[in-house]
Amino acid sequence: MLQMHELTEADLVVLARADDAEAFRLLLERYQPMALAIALHQVSQSETAQDLVQEAMLQTYLSLDRLRDVTRFKSWFYGIVLNVCRNWQRRHSSYVLSLDLWDEYQLFSGIADPYEMIEEHELRCAVQQAVQSLSVKNRAVMFLCYYEGLRLEEIATRLHLSLAAVKSRLHEGRNQLKKHLTPSYPELSLTRSSKRRRPTMLNMKLIKVVPQEQRALVVLLDLPGRRVLPLWLNPMEGFPLAVLLKHVSQREAPNEPSSFEFVSNLLRATGGTVQAVHIEELQDQLLYARLLLQSLNGNQEVKARLGDALALAIREGSPILVADEIVRRIGMSLPPGEGTTANQQLDQVVETLTARTPFPASPGLPRIKEPHNLQFTEGLQRWELRGTFLFDQSGTHWQDYICGTEATGTEPGTMSGYLKARVPQPVGFADLRQAILADDYRGKHALLLAEIKTVGVEQQAGVYLRVVDPGRTRTSEEREQVTFQGTQDWTRSETQIEVPADSVFLLFGMSLTGKGQIWIKNVRLESV
């Protein structure tokens, strides 16, 4: 029997187009490592590269129907990764593209083993011949089911058949394919392993959109189950959604027509309505939306980004449905309701989530000219916990890393600061850092001296120095750092960076990506 992971790239693409999310996940498993390598080659910084690959994965899934040749998925996907990276580089226009990029698309398209490509081509030809051998009526049903991804009821409507006739033709078609392919491929199983049970869907209400500096928190509520699903959207999606929700809830007319209003009016003008919005999971914590539309041509499904789909749901008053399994895994319960109203409980949830959101130049921690508490004798005063784990889409990973101080060595009063992963597979990375004004270091070099100790670091840990200019054109990737892996006892570390005349801030500290723990002590920052 042919297992799911043994299917060819083309077979997985066909299944993914037929709404088999597991097939798409398998495609990602095959090609995500190389996609990450491509992104790292472009942006040279792991956190940004991971974000860009996730964006490319979402774009790939939402536009999968545009792939003309199902055998070219790998090259097409890598091309999307390159485009996403180049768009990012244009927005952070301090990069010069190498001439090596000219042939990257062709280079990546040739990575597959040639024998594997030949075998896949032969099997693909055999399947195509087998499909052509089907009777016309059975071929039509098989195509609509396995290629177009239609449900049996939709096939019956499209072909003007009874549901029983559709089931009968599918059964006959499978038997005909099996008879045709078994002599040459006895190991091939035609059982449709991608068949999935329909998940239990919860009808959730969009209650709040809370804009933050760098993202927006969207709160969906399952009131009967007293559960909340937090969604973090980028500003381009989240901020317009917040404005729209305010206008709709207060029954106010917007100051000027929005793109959401245009799409809504266009749907109505063409006789279409949004029946429901389904929120689904493409990969762990990577969510997207599926719009169920009713039109003059029958029921249709359209994949979309969360912000766009939720905006249409608000405009049209359509139900927002989320799989119970997603809510149970990445949602959170409302706090106990004794003596508080539902709105007060929701406010508590929002306060808990937004309190963990880090932003540069926090108003409560003004920048100073000199480092402070470098020996951790005052705990973590002036040190700030930052990192991408605080910006994950679900908002539920803000405890993946922890920081603190502890006594070190035999001398009384000797303290160290530490960063530690609390879970086996933490999301993103964490920084423990200070930020000071760059006034006394401009036109010189800053030298960071420290002692470092690590235990069980599987990916990367280290110390770093970073310069921030007025326009923030220097990204977080433009830092000087010393990195470590594995376990090692206290080691002296030196890191140096040039501080240009236009610098505003100096950021320094330690960083941890993935499982493990890092300590830092005897920190000094000097100008040289």
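**View 1. Thr408 is buried, at 6% relative accessibility (buried means under 20% relative accessible area, exposed over 50%, partly exposed in between, with a 1.4 Å probe and protein chains only).** The model is predicted: local features need pLDDT of at least 70, side-chain atom pairs count only at pLDDT 80 or more, and totals for chains, interfaces and linings use all residues. Residues are numbered from 1 along each chain as its sequence is written, and side-chain values use heavy atoms, leaving out hydrogens and water. Thr408 sits in the loop between strand S10 (401–407) and strand S11 (415–421); strands (E, at least two residues) and helices (H or I, at least four) are DSSP runs, numbered from the N terminus. Leaving aside neighbours within four places in sequence, the residues in contact with Thr408 include Trp490 and Lys521 (contact means heavy atoms within 4.5 Å).

**View 2. Lys208 and Asp347 form a salt bridge, their closest N and O atoms 3.2 Å apart.** A salt bridge is a side-chain nitrogen of Lys or Arg within 4 Å of a carboxyl oxygen of Asp or Glu. Lys208 lies in strand S1 (residues 201–211) and Asp347 in helix H14 (residues 342–355), so the pair ties together parts 139 residues apart in sequence. Lys208 is partly exposed at 25%, and Asp347 is partly exposed at 38%.

**View 3. A salt bridge joins the side chains of Glu280 and Arg290 (3.2 Å, N to O).** Glu280 is in strand S4 (residues 273–283) and Arg290 in strand S5 (residues 286–295). Glu280 is partly exposed, at 23% relative accessibility, whereas Arg290 is buried, at 5%.
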